[in-house]
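Dear colleague,

I am passing on a structure that you have not worked with before, and I would be glad if you could look through it alongside the notes that follow.

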Amino acid sequence: MLPLLLFNKILFHYQVIINYTMPNPYFTFTQFTVYHDLGAMKVGTDGVLLCAWADIAKAKDALDIVTGSGLISLMLAQRNTTMRVKAIDIESEAIVQARYN
């Protein structure tokens, strides 16, 4: 298991790469589009895979902490339409972006 500090450095490096390689202010999925131009958290492989692999079939509630663009909340709500999803963030731009999405 990676030490937490090393893991955080890898995630930060990955986020910087995403920030500079995303040519559009949005990312289009099959059923919806997520805009990520206002906040610091961009659409990335980590969030997409987390939602795709999460076992949420019997889940009733989900809490998305540091929601950013709202990607994880949107994907969870799409996969389980009966689950209540709450999303929070301290960055005002991210809250605006997540509400828009």
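The second largest pocket in this structure, which is a predicted model, has a volume of about 160 Å³. Its lining is formed by T67, G70, S73, L74, V85, A87, I95, A98 and R99, and by class these residues divide into five nonpolar, three polar and one charged. Helix 3, strand 4 (84-88) and helix 4 (92-100) each contribute at least two residues to the lining of this pocket, although the largest share, three residues, is supplied by helix 4.

Helix 3, which takes part in that lining, also packs against another helix: helix 2 (residues 45-53) and helix 3 (residues 71-79) meet at an angle of about 25°, and their axes lie 9 Å apart. Because angles under 35 degrees count as roughly parallel, helix 2 is described as roughly parallel to helix 3. The crossing in which helix 2 passes helix 3 is right-handed.

On the side of helix 2, the contact is made by G47, V48, L50, C51 and A52, while helix 3 brings L71, I72, M75, L76 and R79 to the contact. Taken by class, the residues of this contact between helix 2 and helix 3 comprise eight nonpolar, one polar and one charged.

With best regards

Methods
Residues numbered from 1 in each chain as written. Predicted model: local features only at pLDDT ≥ 70, side-chain atom pairs only at ≥ 80, totals over all residues. Heavy atoms only, no water. Axes fitted to C-alpha atoms, helices over the stretch in contact; angles between N-to-C directions. Helix = DSSP H or I, 4+ residues; strand = E, 2+ residues; numbered from the N terminus. Parallel < 35°, antiparallel > 145°, perpendicular 65-115°, else oblique. Left-handed = near helix turned anticlockwise from the far one by under 90°. Contact = heavy atoms within 4.5 Å. Nonpolar A, V, L, I, M, F, W, Y, C, P; charged D, E, K, R; others polar. 1 Å grid on protein atoms, 1.4 Å probe; cavity = no way out; pocket = protein on both sides within 12 Å on 5 of 7 lines; lining within 4 Å. Points joined across faces, edges and corners; volume = space filled by probe spheres on them.
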